[in-house]
Amino acid sequence: MSIDVERPTEAESIRLIGTIGLVAAIGVAVILGIHPPGDSDLYDDPLEFGEHVGAFWITIHVLAAVVTLAFPLVLATWGRMLDTARARVFGSLLAGTATLGTGLGVLHLVGTDTITIAFYEDSLGSPGSEVGADVFLRLHAATLITWIVGFWFAVQLVGAVAAWVDGKRGWRVYLPAAGAVLAAVSVVITISERQFTTLSEMVLFRTSVTIFIVWLALIGWTMRKHATA
């Protein structure tokens, strides 16, 4: 005997995924707003950096890791909805890049910014352990750069190309393109300075993330609108 199971329609699925995109964008915006700011002086002083470490710091980084898990789903669905076959090829590349970049982000947020911080707690808080703390700060910079290149730069760049190939213009192309450029410049400055600076993190990187938030929210809104059309 077979049992009929009511399956959600494609429109219902797209609407739900669009909602997830909007919620994820809001979640990133909130986390970005409450995240302690970074600056050149902070990264030059391991002891001062250690003062940021605590339950609040670890909590928001774990939450950030959870929120980023929604990115591949939303971006992959958007990529499949593009109009032309060539654009959907780039949409598939976008999905794979988003998945890889999200994995790098989870490794940074949970691996470096929480677990490793816990292991380095004594080094960060001890006046006699500046060398070990400095090593950690450089590891932090290296994994964050990897995440920026693997997600905030690559995903926004591929997203811009996908929209361009699809014949789209406006925010679909120019927002992610601008975000990719800012992320790339942030990485260049950080590598040249051998550490994050006020300019590379607070101005360039955070602006790139803000642009991504707006882009993701617009994608989510567009998907919901498409599903109800």
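Tutor: In α5, the residues F71, P72, V74, L75, A76, T77, W78 and G79 are buried. Buried means under 20% relative accessible area, exposed means over 50%, and partly exposed is in between, with a 1.4 Å probe and protein chains only.

Student: What kind of model is this, and how are residues numbered?
Tutor: This is a predicted model, in which local features need pLDDT of at least 70, side-chain atom pairs count only at pLDDT 80 or more, and totals for chains, interfaces and linings use all residues. Residues are numbered from 1 along each chain as its sequence is written, and side-chain values use heavy atoms, with hydrogens and water left out.

Student: Back to α5. How many of its residues are buried?
Tutor: Eight of the ten residues of α5 are buried, so the helix is largely enclosed by the rest of the structure. For the protein, 43% of the 229 residues count as buried.

Student: How many helices and strands are there?
Tutor: The secondary structure comes to ten helices and zero strands. Helices (H or I, at least four residues) and strands (E, at least two) are DSSP runs, numbered from the N terminus.

Student: Now the aromatics. How many aromatic pairs does a search of the whole structure find?
Tutor: Ten aromatic pairs turn up in the search of the whole structure. Rings of Phe, Tyr and Trp (its six-membered ring) pair if their centres lie within 6.5 Å; planes under 30 degrees apart count as stacked, over 60 as edge-to-face and the rest as tilted. One of the pairs is F71 with F212, edge-to-face at 5.0 Å centre to centre and 65 degrees between the planes.

Student: Which parts does that pair tie together?
Tutor: F71 lies in helix α5 (residues 71-80) and F212 in helix α10, so the pair ties together parts that are 141 residues apart in sequence. Both F71 and F212 are buried.

Student: Why is F212 with W215 called edge-to-face?
Tutor: The ring centres of F212 and W215 are 5.9 Å apart and the planes are at 70 degrees, so this pair is edge-to-face. F212 and W215 are three residues apart in helix α10, which separates them by about one helical turn.

Student: Are those two buried or exposed?
Tutor: F212 counts as buried because its relative accessibility is 1%. W215 counts as buried too, at 0% relative accessibility.

Student: Which residues do ring pairs link into a cluster?
Tutor: The cluster linked by ring pairs holds F71, W78, W147, F151, W152, F205, F212 and W215.

Student: What lines the largest cavity?
Tutor: It is lined by 28 residues, and those closest to its centre are L32, H35, L109, W147 and F205. The largest share of that lining, six residues, comes from α4.

Student: And what is the volume of the largest pocket?
Tutor: The largest pocket has a volume of about 240 Å³. Its lining has 13 residues, of which W78, M81, K168, T222 and H226 lie nearest its centre. The largest share of this lining, five residues, comes from α10.

Student: One more topic. Where is T97, and what does its side chain reach?
Tutor: T97 is in helix α6, and its side chain reaches the backbone oxygen of L93 at 2.7 Å. A polar contact is a pair of N or O atoms within 3.5 Å; within protein, one must be able to donate a hydrogen and the other to accept it, and residues adjacent in sequence count only if both atoms are side-chain atoms. T97 is buried, with a relative accessible area of 14%.

How values were computed
On a 1 Å grid over the protein atoms alone, a cavity is a set of points where a 1.4 Å probe fits but cannot get out, and a pocket is an open set with protein on both sides within 12 Å along at least five of seven lines; lining residues have an atom within 4 Å of a point. Grid points are joined across faces, edges and corners, and a volume is the space filled by probe spheres set on the points.
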